[in-house]
Amino acid sequence: MQNSSTPQPNPSATEIIVNISNENVSRRARVREHVNPLAKKYSVAIAPPVWAEVYADCSNPLSLDIGSARGRYILQMAQLKPNWNFLGLEIREPLVDRCNEVRDELGLKNLHYIFCNANVSLAGLLTKGSLHEVTVQFPDPWFKRRQQKRRAVQPELVATLAELLVPNADVFLQSDVLEVAEDMRQHFDANENFINLAGAGNFADDSIFPKHIPTERESSVISQGLPVYRAYFKRK
């Protein structure tokens, strides 16, 4: 089944700032649309930051957005949920630089973006049981069969997330490309540490998938009357 209805965000989200007027920060960063994560420059794991210097309160639950792109989703979530910490991983460095500038301009102490290849660096960035939520939203599709190993969600990444997530943690997956959504869902279905709340092999409909703030891509797709395929998992 597929879910193409418009998500209904929390009413308080209408006051959330998604950009600022500072010209050097609010301008769109010029980057390539797609980056090959298997290129040599992305093959070295980065060292984790000193988390106590990143977040004002490291005891807050941590939400991870893999492939945060221009970062507006967790920028809004960090304002909507100040008692959570949010971390975005993005492979395009100019976007990360811009996102962290916006964060600083807004004075958000529960938000951080890191430039890295998630499949290479994630295991060393966080400790076991430190993660409380994961989102993977509209990742690069890499349609050609020979390029599919470049997709963000791989079995190894799912295994790493199983180690990092606390029991009962949420995993939200979304794509407007059916093949990509099925691929992500299948990798999580295949890992015994996760439960598909719609049942193995199924996408989540409106009765299951939580209300949420839509991403830029999500809003664009829905405005065109096109479907969004969603999956909702729990860590056992």
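Trainee: Which backbone oxygen lies 3.0 Å from a polar atom of the His 212 side chain?
Mentor: The backbone oxygen of Pro 210. This is a predicted model, in which local features need pLDDT of at least 70 and side-chain atom pairs count only at pLDDT 80 or more, while totals for chains, interfaces and linings use all residues. Residues are numbered from 1 along each chain as its sequence is written, and side-chain values use heavy atoms, with hydrogens and water left out.

Trainee: And which side chain makes a polar contact with the side chain of His 212?
Mentor: Glu 218, at 2.7 Å. A polar contact is a pair of N or O atoms within 3.5 Å; within protein, one must be able to donate a hydrogen and the other to accept it, and residues adjacent in sequence count only if both atoms are side-chain atoms.

Trainee: Where is His 212, and is it buried or exposed?
Mentor: His 212 sits in the loop between strand 6 (194-196) and helix 8 (216-223). Its relative accessible area is 11%, so it is buried. Buried means under 20% relative accessible area, exposed over 50%, and partly exposed in between, using a 1.4 Å probe and protein chains only.

Trainee: Let's step back. How many helices and strands are in the chain?
Mentor: The chain has 8 helices and 7 strands. Helices (H or I, at least four residues) and strands (E, at least two) are DSSP runs, numbered from the N terminus. Of the 236 residues, 49% are buried.

Trainee: What order do the strands of the sheet take?
Mentor: The order is 3-2-1-4-5-7-6, in an open sheet of 7 strands with mixed pairing. Strand 3 and strand 6 are the edge strands, each pairing on one side only. From one strand to the next, the twist averages 20 degrees. Two strands pair if DSSP finds at least two bridges between them.

Trainee: What holds paired strands together?
Mentor: In general, strands of a sheet pair through backbone hydrogen bonds, either parallel or antiparallel.

Trainee: Take strand 2. How many of its residues are buried?
Mentor: 6 of its 6 residues, 85-90. Asn 85, Leu 87 and Leu 89 point one way; Phe 86, Gly 88 and Glu 90 point the other way.

Trainee: What joins strand 1 to strand 2?
Mentor: 5 bridges join strand 1 (residues 62-66) to strand 2, and the two run parallel. Ile 66 has Leu 89 as its bridge partner, and Asp 65 stands opposite Gly 88. From strand 1 the chain passes through helix 3 (residues 72-80) to strand 2, in a right-handed β-α-β crossover. Right-handed means that, with the strands pointing away from the viewer, the path from the first strand over the helix to the second runs clockwise.

Trainee: And how many bridges pair strand 2 with strand 3?
Mentor: Strand 2 and strand 3 (residues 111-115) pair over 5 bridges, in the parallel sense. Gly 88 stands opposite Tyr 113 there. Strand 2, helix 4 (residues 93-106) and strand 3 form a right-handed β-α-β unit. Helix 4 lies across strand 2 and strand 3, at about 160 degrees to strand 3. Axes are lines fitted to C-alpha atoms, for helices over the stretch in contact, and angles run from 0 to 180 degrees between N-to-C directions.

Trainee: Back to helix 3. Which residues are buried, and what covers them?
Mentor: Tyr 73, Ile 74, Leu 75, Gln 76, Met 77 and Ala 78 are buried. Their cover includes strand 1, strand 2, helix 4, strand 3 and strand 4. Contact means heavy atoms within 4.5 Å.

Trainee: New topic. How many disulfides are there?
Mentor: A search of the whole structure finds 0. A disulfide is a pair of cysteine sulfur atoms within 2.5 Å. Cys 58 is partly exposed, at 42% relative accessible area, while Cys 116 is buried, at 5%.

Trainee: Last one. Which residues have a positive phi although they are not glycines?
Mentor: Phe 138, at about 55 degrees, is one of them. Phe 138 lies in the loop between strand 4 (131-137) and helix 6 (155-164). Asn 168 is another, at about 75 degrees, and it lies in strand 5 (residues 165-175).
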